Amino acid sequence: MRLSELWRTTTFRLSLLYGLLFTVGAVALLAMVYVRSAVYLTHRVDDILAVEAAAQMRVPAERLKPTIDDALLINGRNSVFALFAADRTRETGNLTTLPAGLEPGGRPIEMSPTPDFPAAARLIARQLPSGEILVVGRDINQLREIRRIIASALIWSGVLIVLAGLVFGAALSLGPIRRLRQLQEANHDIAAGDLKRRMPTSKRGDELDMFAGAVNYMLGEVERLMGEVKTSSETIAHDLRTPLTRARAQLHRLEQAPKVLPGEIAGVTAELDEVLERFIAILRISELETRARSAGFAPTPLDRIVSQVGDLYQPLAEEADLRFQVVAPPLPPVDADPKLMVEALSNLVDNAIKFTPPGGAVRLALEPGPEGPRIVVQDNGPGVPQGERTAVLQRFYRAERDRLTPGSGLGLSIVAAIVRLHRFRLELQDAGPGLRVIIDCHPAPITY
Amino acid sequence: MNAPGVPGPPPEARVTRVLVIEDDRQTAEEIAACLTASGFEASKCFDGPAGLAAAKSQAFDAITLDRMMPGLDGLELVKALREAGSQAPVLMVSALSDVDDRVDGLRAGGDDYLVKPFAPKELVARLEVLLRRHRRSEVETRLQVADLELDLVRREAYRAGKTIELLPMEFQLLEFMMRNAGQLLTRRMIFESVWEYYFDPGTNLINVHVGKLRRKIDGPGLLPLIRTERGQGYMLHAP
């Protein structure tokens, strides 16, 4: 693992940031403890010095020197007692000179170790009525020691927290980096064409899993669409091969024949017309699929559409000796492209008439459904077998029954494309006997 | 180009000039050949700007135009042409069976839209219908072909002096056929002009509607006026 890779992971950066924040917090806490205790201890020393100085000052002048000497005998190792004349020459005590900056009656000062007194000390000075200067002091090594301990605790704990943060951050980042590696590998395979491959997910359901899940959903869609395109291409190629082969064979025969009859050329033209017709339908479907969703949409009274289609096909049904029933009660309009709806219904009614034997019945009806209006086209012809009902809605799929009848055979594909464009729902049911096609004219919500 | 006895352009009228704007040279040649065979004089342009310049500089009676040309959309070309003051009818030829709003606008402007692949005869037929509609200047109140009469004001039809009962759609169908008497009308042209739907109606639908009308018009003992052009469409003309 490269360091830069580690640095780029969110986990690592977060751990480092937390480490820094924690260090700052800990330093602030210890600094407060240090300042508070240092101030407190210094005050205590100062108070003791003031009390001792006051006690010495109460001693009569003639007894002061012996008293200081006595005190030095008892406490000379950790206390300072000294008496200076008014001209600042030493009279007695364990200091040879009056330290610079020490003013009688002024603030306490701190003194570094000297040959006279081998420890750091805190001193105060008092002016006696005789003009002499009394100096009292105490060893403050203990205080300095405490300060040192607290300061080192600060430094070490800071270093430890930062180090621990780094190590933990790196350790925590290893997992996500390994997962990312796996995702990258999967991605590489998919980009290379393995559409069956999926992004690996764990059971944790964390953010990487959510992301991988979304990518997997997308891959599923892509795989489905690619499959559909492949199937479509194969369907088209397969469908067109038959008429083209027949046309070619006929042309070949005409080439060999000594004399060409006009009807024979017409036969070839008819084959090619069939191919062209299918191409037009295929183009139409592609066009419907790429069309901007709401282009041409307007509130459309479906009853009018149904009546128009009914009027259009009434003569055809009569000619085919079918009972044709049209039911179009006024219902609230729906948002739709009226021309495309006429086209869809025409295809359905045309199919129903084409596949219903003479004497049968075709019904075109607008009905109020549970969610919105629905259009039902029903016949009592042979119907579509259960297994083929979903297939006929696929792009460019030609039902078995369409292979023997004239026309592009892509009517249902066109209907399906129009219904998809409207986000309506198309359903094929067994009408026992016959086929019932239902268009649920209630737009489905957009889901991702 | 017309069947004998059918009212057409007067014989002294000059040759109808058509400008073919099409970037595919072979298609352009075929369209031009087909137009020449039908008695038109065809000029060719192989790209949009040249086509626009030609249409602006010379007087053409009609224009056929490819929708998809590099550099210039056919619809834009029509717009530029109209802005330049040209009134020549345009037949747009396109690989898209597109029914977008702009195409609707084109059709509303009296022009036509033909989807590739097309039969050359269909192109010529559509062009003839366009030209005829374009030349018709005065408002007609009465149409007549042989002993078939159509009163456009009272919306009534007569054959040999006797009234024929027609449904509204049948009247519109007959009006379209009589306005274009002597002219081949394909099923798709009929469907688009009479019903104003622009999808493939299948072969039988229009046959049945024309058949119904024919039974009413060409009654027993009368000379048939509606002729079927096998595999292509219909033509209404005097016997």
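I looked up Leu185(B) and found it opposite Tyr234(B) in S14(B). This is a predicted model.

I then followed the strands around this pair. S12(B) and strand S14 (residues 233-236) of chain B pair in the antiparallel sense, over two bridges. They belong to an open sheet of three strands in chain B, with the order S12-S14-S13 and antiparallel pairing. Strand S12 (185-186) and strand S13 (226-229) of chain B are at the edges; each has a single partner strand, so one side of each has no neighbour in the sheet.

Next I turned to Ser173(A), which sits in helix H4 (residues 141-191) of chain A. Is Ser173(A) buried or exposed? I noted it as buried, because 23 C-beta neighbours fall inside 10 Å and the cut-off for buried is 20 or more. Leaving aside neighbours within four places in sequence, I listed its contacts as Leu6(A), Thr9(A), Thr11(A) and Phe12(A). I also checked Trp7(A): it is 166 residues from Ser173(A) in sequence, but the C-alpha to C-alpha distance is 9.1 Å.

I went on to backbone angles. Asp321(A) is not a glycine, and its phi is positive, near 60 degrees. I placed Asp321(A) in the loop between helix H7 (302-319) and strand S7 (323-327) of chain A. Asp321(A) is exposed, with 11 other C-beta atoms within 10 Å.

Glu196(B), not a glycine, has a positive phi of about 60 degrees. I found Glu196(B) in the loop between helix H7 (187-195) and helix H8 (202-217) of chain B. Glu196(B) counts as exposed, with 12 other C-beta atoms within 10 Å.

Last, I recorded a cis peptide bond between Gly432(A) and Pro433(A), with omega about -5 degrees. Pro433(A) lies in the loop between strand S11 (425-430) and strand S12 (435-440) of chain A.

Key: Residues numbered from 1 in each chain as written. Chains lettered and ligands numbered in written order. Predicted model: local features only at pLDDT ≥ 70, side-chain atom pairs only at ≥ 80, totals over all residues. Helix = DSSP H or I, 4+ residues; strand = E, 2+ residues; numbered from the N terminus. Contact = placed C-beta atoms within 7 Å. Pairing = 2+ DSSP bridges.
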